[in-house]
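Please consult the sequence and the model below while reading.

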Amino acid sequence: MPAPEDTAGKTRPTSHTSRFIALGIAIIAAAAALFYFAYWTRTPQYTLHCLIDAIRAKDIAYVDKHADGEQIFSRLFDETIEFTFGAQDSDSVATANPALKRYLGQSKGLVVPVLEQQARNWIISGNPDNTLPVRIAAGDTGRGTAMARAMADRLGLFQLQYRSLGKVEQNGKAATAELTFHDRQLDEDLPVLVRMQEKDGVWKVVSFGNLEKYMKERQKAINARLDKLNAPIKKEIAESVIVETGGNKAPSFKVHDNPSSLTGSSLEGTFFLTNKGTQDILSVAGLVEVKDATGMTRFRNSFESQGIAAGQSVQVENVWPLDIYVPNQSILATKSDEKLTAVMTIQYVIFKGGKSISLLESLPDDRMPNPRR
């Protein structure tokens, strides 16, 4: 057996080692705690995680501290109006209308407070369709509330559910964060970029950053769902009336000089509609998309035709003035010698006797029945 003094001599290093290990663990724990409280809790990432939890817990005090509702909805209003009605490169008939943009901009003072209150009510109640009161500005006859509701519906604000936090980039006292939200109405994930600012050690969300990308992604999802819902309706319409596409009845579109219009140019379209059914048609309406030689859509507008007897065809002629404020239409005005093509979609048909068939132009409200005809 080893001598007692040998055994005792061997236990001392082990005891010292244990103390060093315990001290190391304590230091690591202290460093981790220091990192957590001195660094992590002061990051925009931490604030966003806590903000999401606060919304779920209906902690409106934390939300008020870390989200500037007035600034968020003020900038959201400006960017939505600009995106929808500003002079930008878009073929939308609702785009690039400075007069309408200015007119709607005058209602900002009525709309922004309502949007902010609706968001707070949503958090407090946990229900986007809550009935909590909203303060109406003096002199507002309901216009602000109606516009706020329309804007929220267009953006899908109260349909969004948080999914995940992606990349966060910090630059001094400013930061941007990429989040993913799930749109319950569309059953699609959509990208949302938020801007944050830090003041006195407190991070606060101040605005959304990628409205154009978000809106395009959302509209793409809306179109996909509408296409699916409208497929059987399109088939039914095609069995009743069609736009002729061949021979001398094929659609023809051409740009003409028109000194009476602001742009000095107009677009003339001629096409034939044929009633394929056995019922007389009282009215037909649809959408035309005119493309240039590169395949780029330069013009969108509606068309309409009056009665078509059963089994008969009618020639339809339309003249649309080209809008100088819409870049694509302004470009089209220079293409008087170019061969233009068109995609034409019949959107609704009214038959003699009152029956009608119509495509859905917006997603149906799941809470209400959807009378199609």
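Threonine 297 belongs to strand 9, which covers residues 297–305; helices (H or I, at least four residues) and strands (E, at least two) are DSSP runs numbered from the N terminus. The model is predicted, so local features need pLDDT of at least 70 and side-chain atom pairs count only at pLDDT 80 or more, while totals for chains, interfaces and linings use all residues. Residues are numbered from 1 along each chain as its sequence is written, and side-chain values use heavy atoms, with hydrogens and water left out.

**Threonine 297**
- Threonine 297 counts as buried because its relative accessibility is 9%; buried means under 20% relative accessible area, exposed over 50%, and partly exposed in between (1.4 Å probe, protein chains only).

- Strand 2 (residues 174–183) runs antiparallel to strand 3 (residues 188–199), and 10 bridges join them; two strands pair if DSSP finds at least two bridges between them.
- Glutamate 178 has leucine 193 in strand 3 as its bridge partner.
- Four residues separate strand 2 and strand 3 in a hairpin, where aspartate 187 in the turn has a positive phi of about 55°.
- Strand 3 also pairs with strand 4 (residues 202–208), in the antiparallel sense, over six bridges.
- Arginine 195 stands opposite serine 207 in strand 4.

**Methionine 147**
- Methionine 147 lies in helix 7, residues 143–155, and counts as buried because its relative accessibility is 17%.
- Leaving aside residues up to four places away in sequence, methionine 147 touches Phe77, Leu104, Ser107 and Val111 (contact means heavy atoms within 4.5 Å).
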